[in-house]
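Student: Please take me through this structure one piece at a time. I would like to start with the helices.

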Amino acid sequence: IYLPGFLFSVAKGMIVPVLPRFANNQTQSFQLIGLVLAADFLGQVLSDIPTGYIMERIGRRRGMIVGLIILGITTGSIFFVTAIWQLFLLRLLGGFGVALYSVSRHAWMADGVNVGQRGRALSVLGGVFRGGKAVGPILGGTLAVTFGQEPTFLFFAALLILPLTILIFVPERKEAEPTQDKNAHHPGEFVEIVRDHWQVLLSAGSGAFFAQMVRSARNVVLPLFAAVVLNLNEQEIGAIVSASSLIDTLLFPVAGILMDRFGRKFAIVPSFVFQGVGVFGITLATGYWGLMLAGLIIGLGNSISSGTMMTLGADLSPVDRRGGFLGVWRLIGDAGFFTAPLIVGIIADALTLGAATTILAFSGGIASAIFAFFVPETLQKKPISAD
(Lines give C-alpha, C1' and ligand atoms only; values in the text may rest on other atoms or scores of the structure.)
Protein backbone atom coordinates (compact mmCIF):
# COMPACT_ATOMS: atom_id res chain seq x y z
CA ILE A 1 0.00 0.00 0.00
CA TYR A 2 2.65 2.53 1.03
CA LEU A 3 4.94 2.52 -2.02
CA PRO A 4 2.11 2.63 -4.60
CA GLY A 5 0.49 5.33 -2.45
CA PHE A 6 3.68 7.40 -2.55
CA LEU A 7 3.98 7.12 -6.33
CA PHE A 8 0.27 7.91 -6.76
CA SER A 9 0.73 11.02 -4.64
CA VAL A 10 3.82 12.13 -6.58
CA ALA A 11 1.84 11.89 -9.82
CA LYS A 12 -1.13 13.79 -8.38
CA GLY A 13 1.20 16.47 -7.01
CA MET A 14 2.89 16.96 -10.39
CA ILE A 15 -0.12 18.67 -11.91
CA VAL A 16 -0.99 20.90 -8.92
CA PRO A 17 1.19 23.85 -10.06
CA VAL A 18 0.37 23.23 -13.75
CA LEU A 19 -3.40 22.76 -13.90
CA PRO A 20 -4.63 26.22 -12.73
CA ARG A 21 -2.43 28.05 -15.24
CA PHE A 22 -3.26 25.49 -17.97
CA ALA A 23 -6.99 26.05 -17.34
CA ASN A 24 -6.43 29.82 -17.25
CA ASN A 25 -4.94 29.57 -20.76
CA GLN A 26 -8.24 28.05 -21.93
CA THR A 27 -10.55 30.58 -20.23
CA GLN A 28 -10.44 33.78 -18.17
CA SER A 29 -13.53 32.89 -16.13
CA PHE A 30 -12.81 31.96 -12.51
CA GLN A 31 -16.08 30.00 -12.44
CA LEU A 32 -14.96 27.79 -15.33
CA ILE A 33 -11.48 27.41 -13.83
CA GLY A 34 -13.06 26.45 -10.50
CA LEU A 35 -15.28 23.95 -12.29
CA VAL A 36 -12.25 22.33 -13.93
CA LEU A 37 -10.37 22.20 -10.62
CA ALA A 38 -13.45 20.64 -9.01
CA ALA A 39 -14.15 18.20 -11.87
CA ASP A 40 -12.19 15.24 -10.49
CA PHE A 41 -13.83 15.73 -7.10
CA LEU A 42 -17.22 15.80 -8.82
CA GLY A 43 -16.25 12.52 -10.47
CA GLN A 44 -15.37 11.14 -7.05
CA VAL A 45 -18.64 12.36 -5.51
CA LEU A 46 -20.63 10.66 -8.27
CA SER A 47 -18.53 7.49 -7.99
CA ASP A 48 -17.92 6.99 -4.26
CA ILE A 49 -21.09 4.96 -3.66
CA PRO A 50 -20.93 2.71 -6.76
CA THR A 51 -17.18 2.19 -6.38
CA GLY A 52 -17.75 0.85 -2.87
CA TYR A 53 -19.92 -1.91 -4.35
CA ILE A 54 -17.64 -2.46 -7.34
CA MET A 55 -14.74 -2.92 -4.94
CA GLU A 56 -16.72 -5.51 -2.95
CA ARG A 57 -17.35 -7.42 -6.19
CA ILE A 58 -13.88 -7.40 -7.72
CA GLY A 59 -11.75 -7.22 -4.58
CA ARG A 60 -9.54 -4.59 -2.95
CA ARG A 61 -6.40 -5.17 -5.05
CA ARG A 62 -8.21 -5.30 -8.39
CA GLY A 63 -10.13 -2.18 -7.44
CA MET A 64 -6.87 -0.30 -6.90
CA ILE A 65 -5.45 -1.56 -10.21
CA VAL A 66 -8.51 -0.60 -12.29
CA GLY A 67 -8.68 2.80 -10.59
CA LEU A 68 -5.07 3.63 -11.45
CA ILE A 69 -5.53 2.54 -15.07
CA ILE A 70 -8.54 4.83 -15.51
CA LEU A 71 -6.73 7.76 -13.88
CA GLY A 72 -3.61 7.30 -16.00
CA ILE A 73 -5.51 7.17 -19.30
CA THR A 74 -7.75 10.18 -18.58
CA THR A 75 -4.99 12.42 -17.21
CA GLY A 76 -2.51 11.50 -19.95
CA SER A 77 -5.17 12.39 -22.53
CA ILE A 78 -5.14 16.02 -21.32
CA PHE A 79 -2.05 16.32 -23.57
CA PHE A 80 -4.48 16.48 -26.53
CA VAL A 81 -6.95 18.98 -25.01
CA THR A 82 -7.90 21.99 -27.15
CA ALA A 83 -11.01 23.24 -25.32
CA ILE A 84 -12.06 23.82 -21.71
CA TRP A 85 -14.97 21.33 -21.95
CA GLN A 86 -12.54 18.56 -22.95
CA LEU A 87 -10.40 19.32 -19.91
CA PHE A 88 -13.46 19.21 -17.66
CA LEU A 89 -14.65 15.89 -19.09
CA LEU A 90 -11.28 14.15 -18.70
CA ARG A 91 -10.92 15.40 -15.14
CA LEU A 92 -14.45 14.20 -14.37
CA LEU A 93 -13.70 10.69 -15.67
CA GLY A 94 -10.40 10.66 -13.82
CA GLY A 95 -12.33 11.22 -10.59
CA PHE A 96 -13.94 7.79 -11.01
CA GLY A 97 -10.47 6.21 -11.09
CA VAL A 98 -9.40 8.12 -7.98
CA ALA A 99 -12.56 7.05 -6.14
CA LEU A 100 -12.16 3.36 -7.01
CA TYR A 101 -8.47 3.36 -6.05
CA SER A 102 -9.06 5.29 -2.82
CA VAL A 103 -12.05 3.31 -1.52
CA SER A 104 -10.30 0.01 -2.28
CA ARG A 105 -7.12 1.14 -0.53
CA HIS A 106 -9.05 2.40 2.50
CA ALA A 107 -10.95 -0.89 2.84
CA TRP A 108 -7.70 -2.87 2.52
CA MET A 109 -6.21 -0.95 5.45
CA ALA A 110 -9.39 -1.11 7.55
CA ASP A 111 -9.54 -4.90 7.06
CA GLY A 112 -5.95 -5.53 8.05
CA VAL A 113 -5.18 -3.17 10.96
CA ASN A 114 -6.72 -3.44 14.43
CA VAL A 115 -8.25 -0.39 16.10
CA GLY A 116 -5.38 0.11 18.56
CA GLN A 117 -2.85 0.54 15.75
CA ARG A 118 -5.15 2.05 13.13
CA GLY A 119 -4.28 5.66 13.90
CA ARG A 120 -0.55 5.08 13.41
CA ALA A 121 -0.99 2.89 10.34
CA LEU A 122 -3.25 5.38 8.58
CA SER A 123 -1.21 8.39 9.69
CA VAL A 124 1.80 6.70 8.05
CA LEU A 125 -0.30 6.32 4.91
CA GLY A 126 -1.20 10.00 5.18
CA GLY A 127 2.50 10.77 5.67
CA VAL A 128 3.35 8.76 2.57
CA PHE A 129 0.87 10.88 0.59
CA ARG A 130 2.44 14.01 1.99
CA GLY A 131 5.89 12.77 1.00
CA GLY A 132 4.63 12.32 -2.55
CA LYS A 133 3.08 15.78 -2.51
CA ALA A 134 6.41 17.21 -1.35
CA VAL A 135 8.14 15.74 -4.41
CA GLY A 136 5.37 16.00 -7.03
CA PRO A 137 4.74 19.77 -7.29
CA ILE A 138 8.40 20.81 -7.62
CA LEU A 139 8.91 17.98 -10.12
CA GLY A 140 5.83 18.94 -12.12
CA GLY A 141 6.65 22.63 -12.02
CA THR A 142 10.19 21.99 -13.26
CA LEU A 143 8.93 19.72 -16.06
CA ALA A 144 6.39 22.33 -17.12
CA VAL A 145 8.97 25.12 -17.27
CA THR A 146 11.45 22.87 -19.11
CA PHE A 147 9.22 20.95 -21.54
CA GLY A 148 5.89 22.81 -21.46
CA GLN A 149 2.59 22.26 -19.69
CA GLU A 150 1.13 19.54 -21.92
CA PRO A 151 3.98 16.97 -21.58
CA THR A 152 3.57 17.08 -17.78
CA PHE A 153 0.29 15.18 -18.15
CA LEU A 154 2.08 12.46 -20.15
CA PHE A 155 4.72 12.19 -17.42
CA PHE A 156 1.83 11.76 -14.95
CA ALA A 157 0.48 8.77 -16.89
CA ALA A 158 3.94 7.22 -17.29
CA LEU A 159 4.65 7.45 -13.56
CA LEU A 160 1.48 5.50 -12.68
CA ILE A 161 2.92 2.46 -14.48
CA LEU A 162 5.17 1.88 -11.43
CA PRO A 163 2.44 1.49 -8.76
CA LEU A 164 0.39 -0.57 -11.22
CA THR A 165 3.29 -2.98 -11.64
CA ILE A 166 3.65 -3.35 -7.87
CA LEU A 167 -0.06 -3.96 -7.27
CA ILE A 168 -0.29 -6.57 -10.02
CA PHE A 169 2.09 -8.80 -8.02
CA VAL A 170 0.41 -8.26 -4.63
CA PRO A 171 -1.89 -11.20 -3.70
CA GLU A 172 -5.49 -10.49 -2.73
CA ARG A 173 -6.15 -10.90 1.00
CA LYS A 174 -8.31 -13.91 1.76
CA GLU A 175 -10.80 -11.88 3.78
CA ALA A 176 -11.03 -9.34 0.96
CA GLU A 177 -11.97 -11.78 -1.82
CA PRO A 178 -14.70 -10.62 -4.19
CA THR A 179 -18.20 -11.20 -2.88
CA GLN A 180 -19.95 -14.25 -4.37
CA ASP A 181 -23.40 -13.53 -2.92
CA LYS A 182 -25.15 -11.52 -5.66
CA ASN A 183 -27.65 -10.17 -3.13
CA ALA A 184 -24.92 -8.76 -0.89
CA HIS A 185 -23.82 -5.14 -1.16
CA HIS A 186 -26.86 -4.23 -3.22
CA PRO A 187 -27.31 -0.58 -4.27
CA GLY A 188 -30.26 -0.19 -1.91
CA GLU A 189 -27.84 -0.74 0.96
CA PHE A 190 -26.86 2.93 0.60
CA VAL A 191 -30.28 3.93 1.89
CA GLU A 192 -30.02 1.41 4.73
CA ILE A 193 -26.59 2.70 5.76
CA VAL A 194 -27.77 6.32 5.80
CA ARG A 195 -30.92 5.31 7.71
CA ASP A 196 -29.07 3.23 10.32
CA HIS A 197 -26.14 5.61 10.79
CA TRP A 198 -27.63 9.02 9.97
CA GLN A 199 -26.72 10.59 13.32
CA VAL A 200 -23.01 9.87 13.07
CA LEU A 201 -22.99 10.72 9.37
CA LEU A 202 -24.66 14.06 10.13
CA SER A 203 -22.26 15.05 12.91
CA ALA A 204 -18.94 13.52 11.89
CA GLY A 205 -19.82 13.83 8.20
CA SER A 206 -20.43 17.58 8.54
CA GLY A 207 -17.04 17.97 10.18
CA ALA A 208 -15.39 15.94 7.41
CA PHE A 209 -17.12 18.08 4.76
CA PHE A 210 -15.72 21.36 6.11
CA ALA A 211 -12.36 19.74 6.89
CA GLN A 212 -11.90 18.68 3.29
CA MET A 213 -12.96 22.14 2.12
CA VAL A 214 -10.09 23.82 3.96
CA ARG A 215 -7.71 21.02 2.95
CA SER A 216 -8.45 21.72 -0.70
CA ALA A 217 -7.01 25.23 -0.41
CA ARG A 218 -3.41 24.15 -0.98
CA ASN A 219 -4.32 22.57 -4.32
CA VAL A 220 -6.86 25.19 -5.38
CA VAL A 221 -6.51 28.76 -4.11
CA LEU A 222 -2.79 28.72 -3.31
CA PRO A 223 -1.60 27.91 -6.87
CA LEU A 224 -4.41 30.00 -8.39
CA PHE A 225 -3.55 33.03 -6.23
CA ALA A 226 0.14 32.53 -7.04
CA ALA A 227 -0.48 32.38 -10.80
CA VAL A 228 -3.19 35.02 -11.24
CA VAL A 229 -2.50 37.56 -8.47
CA LEU A 230 1.26 37.21 -7.86
CA ASN A 231 2.15 36.09 -11.42
CA LEU A 232 4.51 33.33 -10.26
CA ASN A 233 5.60 30.62 -12.72
CA GLU A 234 4.97 26.88 -12.38
CA GLN A 235 8.38 26.18 -10.86
CA GLU A 236 7.90 28.82 -8.14
CA ILE A 237 4.38 27.58 -7.42
CA GLY A 238 5.64 24.00 -7.29
CA ALA A 239 8.37 24.96 -4.82
CA ILE A 240 5.82 26.55 -2.46
CA VAL A 241 3.41 23.60 -2.59
CA SER A 242 6.28 21.13 -2.17
CA ALA A 243 7.68 23.02 0.84
CA SER A 244 4.23 23.04 2.43
CA SER A 245 3.92 19.29 1.88
CA LEU A 246 7.45 18.72 3.20
CA ILE A 247 6.32 20.06 6.59
CA ASP A 248 3.53 17.47 6.45
CA THR A 249 6.05 14.73 5.73
CA LEU A 250 8.34 15.64 8.61
CA LEU A 251 5.62 15.88 11.27
CA PHE A 252 3.00 13.27 10.28
CA PRO A 253 4.06 10.75 13.02
CA VAL A 254 2.75 13.24 15.59
CA ALA A 255 -0.78 12.65 14.29
CA GLY A 256 -0.57 8.88 14.75
CA ILE A 257 0.83 9.18 18.27
CA LEU A 258 -1.82 11.70 19.31
CA MET A 259 -4.67 9.62 17.86
CA ASP A 260 -3.63 6.26 19.34
CA ARG A 261 -2.37 7.53 22.70
CA PHE A 262 -4.70 10.40 23.61
CA GLY A 263 -7.64 10.19 21.21
CA ARG A 264 -8.62 11.14 17.68
CA LYS A 265 -9.78 14.64 18.68
CA PHE A 266 -6.35 15.62 20.02
CA ALA A 267 -5.08 15.58 16.46
CA ILE A 268 -8.21 16.62 14.59
CA VAL A 269 -9.32 19.78 16.42
CA PRO A 270 -6.09 21.86 16.46
CA SER A 271 -5.06 20.80 12.96
CA PHE A 272 -7.95 22.48 11.17
CA VAL A 273 -7.60 25.68 13.21
CA PHE A 274 -3.98 25.98 11.98
CA GLN A 275 -5.02 25.25 8.42
CA GLY A 276 -7.68 27.96 8.52
CA VAL A 277 -5.09 30.48 9.75
CA GLY A 278 -2.70 29.45 6.98
CA VAL A 279 -5.35 29.76 4.27
CA PHE A 280 -6.25 33.25 5.51
CA GLY A 281 -2.53 34.07 5.30
CA ILE A 282 -2.72 33.53 1.52
CA THR A 283 -4.81 36.69 1.24
CA LEU A 284 -2.08 38.70 3.01
CA ALA A 285 0.76 37.51 0.77
CA THR A 286 2.31 40.15 -1.50
CA GLY A 287 5.05 38.01 -3.02
CA TYR A 288 6.80 34.67 -3.16
CA TRP A 289 8.02 34.57 0.46
CA GLY A 290 4.72 35.72 1.94
CA LEU A 291 2.92 32.96 0.09
CA MET A 292 5.62 30.51 1.16
CA LEU A 293 4.96 31.39 4.82
CA ALA A 294 1.22 30.83 4.39
CA GLY A 295 1.94 27.48 2.73
CA LEU A 296 4.19 26.41 5.61
CA ILE A 297 1.48 27.23 8.18
CA ILE A 298 -1.02 25.17 6.16
CA GLY A 299 1.52 22.33 6.06
CA LEU A 300 2.01 22.49 9.83
CA GLY A 301 -1.72 22.22 10.44
CA ASN A 302 -2.22 19.49 7.89
CA SER A 303 0.67 17.44 9.31
CA ILE A 304 -1.14 16.74 12.57
CA SER A 305 -4.29 15.79 10.67
CA SER A 306 -2.44 13.06 8.77
CA GLY A 307 -4.75 10.07 8.42
CA THR A 308 -7.38 11.55 10.75
CA MET A 309 -10.34 11.37 8.38
CA MET A 310 -9.38 7.86 7.22
CA THR A 311 -8.97 6.71 10.84
CA LEU A 312 -12.27 8.24 11.91
CA GLY A 313 -14.05 6.65 8.95
CA ALA A 314 -12.52 3.25 9.71
CA ASP A 315 -13.48 3.57 13.40
CA LEU A 316 -17.08 4.42 12.56
CA SER A 317 -17.54 1.83 9.79
CA PRO A 318 -19.53 -1.34 10.64
CA VAL A 319 -17.54 -4.49 9.86
CA ASP A 320 -20.36 -6.14 7.90
CA ARG A 321 -20.94 -3.04 5.74
CA ARG A 322 -17.48 -1.56 5.57
CA GLY A 323 -17.30 -1.08 1.80
CA GLY A 324 -20.68 0.65 1.59
CA PHE A 325 -20.09 2.82 4.66
CA LEU A 326 -16.65 3.95 3.50
CA GLY A 327 -18.18 4.80 0.14
CA VAL A 328 -20.69 7.08 1.90
CA TRP A 329 -17.92 8.50 4.11
CA ARG A 330 -15.74 9.33 1.13
CA LEU A 331 -18.76 10.79 -0.66
CA ILE A 332 -19.20 13.34 2.14
CA GLY A 333 -15.52 14.29 2.24
CA ASP A 334 -15.22 14.46 -1.53
CA ALA A 335 -18.28 16.70 -1.61
CA GLY A 336 -16.26 19.15 0.50
CA PHE A 337 -13.34 18.94 -1.93
CA PHE A 338 -15.76 19.45 -4.84
CA THR A 339 -17.61 22.39 -3.27
CA ALA A 340 -14.51 24.44 -2.41
CA PRO A 341 -13.33 25.23 -5.98
CA LEU A 342 -16.88 26.09 -7.04
CA ILE A 343 -17.27 28.53 -4.16
CA VAL A 344 -13.89 30.04 -4.98
CA GLY A 345 -14.82 30.50 -8.64
CA ILE A 346 -18.24 32.06 -7.98
CA ILE A 347 -17.04 34.46 -5.26
CA ALA A 348 -13.84 35.36 -7.14
CA ASP A 349 -15.86 36.39 -10.21
CA ALA A 350 -18.39 38.30 -8.09
CA LEU A 351 -15.89 39.90 -5.66
CA THR A 352 -12.18 39.00 -5.54
CA LEU A 353 -10.03 35.90 -5.22
CA GLY A 354 -8.97 37.16 -1.78
CA ALA A 355 -12.59 37.25 -0.59
CA ALA A 356 -13.12 33.70 -1.83
CA THR A 357 -9.98 32.55 0.00
CA THR A 358 -11.16 34.18 3.25
CA ILE A 359 -14.45 32.30 3.13
CA LEU A 360 -12.58 29.05 2.53
CA ALA A 361 -10.38 29.78 5.56
CA PHE A 362 -13.44 29.92 7.83
CA SER A 363 -14.29 26.30 6.96
CA GLY A 364 -11.28 25.21 9.05
CA GLY A 365 -12.70 26.78 12.20
CA ILE A 366 -16.14 25.33 11.50
CA ALA A 367 -14.65 21.83 11.11
CA SER A 368 -12.73 22.11 14.40
CA ALA A 369 -15.83 23.28 16.28
CA ILE A 370 -17.96 20.41 14.96
CA PHE A 371 -15.37 17.78 15.89
CA ALA A 372 -14.78 19.34 19.31
CA PHE A 373 -18.40 19.64 20.42
CA PHE A 374 -20.58 17.32 18.33
CA VAL A 375 -18.53 14.20 17.50
CA PRO A 376 -17.78 11.56 20.20
CA GLU A 377 -14.26 10.25 20.72
CA THR A 378 -13.89 7.00 18.76
CA LEU A 379 -10.73 5.65 20.42
CA GLN A 380 -12.02 3.07 22.89
CA LYS A 381 -9.13 1.46 24.73
CA LYS A 382 -9.84 -1.96 26.16
CA PRO A 383 -8.83 -2.51 29.77
CA ILE A 384 -5.82 -4.77 30.23
CA SER A 385 -6.78 -8.14 31.71
CA ALA A 386 -5.22 -9.19 35.03
CA ASP A 387 -4.41 -12.53 33.40
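Student: At what angle do helix α4 and helix α8 pack?
Tutor: This is a predicted model, in which local features need pLDDT of at least 70 and side-chain atom pairs count only at pLDDT 80 or more, while totals for chains, interfaces and linings use all residues. Residues are numbered from 1 along each chain as its sequence is written, and side-chain values use heavy atoms, leaving out hydrogens and water. Helices are DSSP runs (H or I, at least four residues) numbered from the N terminus, and their axes are lines fitted to C-alpha atoms over the stretch in contact, with angles from 0 to 180 degrees between N-to-C directions. Helix α4 (residues 60–76) and helix α8 (residues 161–168) have axes 10 Å apart and pack at an angle of about 160°.

Student: What does that make α4 relative to α8?
Tutor: An angle over 145 degrees counts as roughly antiparallel. The angle here is about 160°, so α4 and α8 are roughly antiparallel.

Student: Which residues of α8 make the contact with α4?
Tutor: Contact means heavy atoms within 4.5 Å. From α4, the contact takes R61, M64, I65, L68 and I69. Facing them in α8 are P163, L164, L167 and I168.

Student: At roughly what angle do the axes of helix α10 and helix α17 cross?
Tutor: Helix α10 covers residues 198–215 and helix α17 covers residues 353–373. Their axes come within 8 Å. α10 is roughly antiparallel to α17, because they cross at roughly 150°.

Student: How many polar residues does the contact of α10 with α17 have?
Tutor: α10 brings residues including S203, S206 and G207, which meet α17 residues such as S363 and G364. The contact has 12 nonpolar residues and no charged ones. The polar residues number five.

Student: By how much are the C-alpha atoms of L258 and I268 separated?
Tutor: L258 is part of helix α12 (residues 234–261). Leaving aside residues up to four places away in sequence, L258 touches G263, F266 and A267. I268 is 10 residues from L258 along the chain, and their C-alpha atoms are separated by 9.3 Å.

Student: How much space lies in the largest cavity?
Tutor: A cavity is a set of points on a 1 Å grid over the protein atoms alone where a 1.4 Å probe fits but cannot get out. Its volume is the space filled by probe spheres set on the points, joined across faces, edges and corners. A search of the whole structure finds two cavities of 30 Å³ or more. The largest holds about 1,000 Å³.

Student: Which helix gives the most to the lining of the largest cavity?
Tutor: Lining residues have an atom within 4 Å of a point. The largest cavity has 49 of them, with K12, F41, K133, N219 and F337 nearest its centre. They divide into 21 nonpolar, 18 polar and 10 charged. With seven residues, the top contributor is helix α5.

Student: What volume does the second largest cavity have?
Tutor: Its lining includes R264, I268, F371 and T378. By class, that lining has five nonpolar, one polar and three charged residues. The volume of the second largest cavity is about 40 Å³.

Key
1 Å grid on protein atoms, 1.4 Å probe; cavity = no way out; pocket = protein on both sides within 12 Å on 5 of 7 lines; lining within 4 Å. Helix = DSSP H or I, 4+ residues; strand = E, 2+ residues; numbered from the N terminus. Nonpolar A, V, L, I, M, F, W, Y, C, P; charged D, E, K, R; others polar. Parallel < 35°, antiparallel > 145°, perpendicular 65-115°, else oblique.
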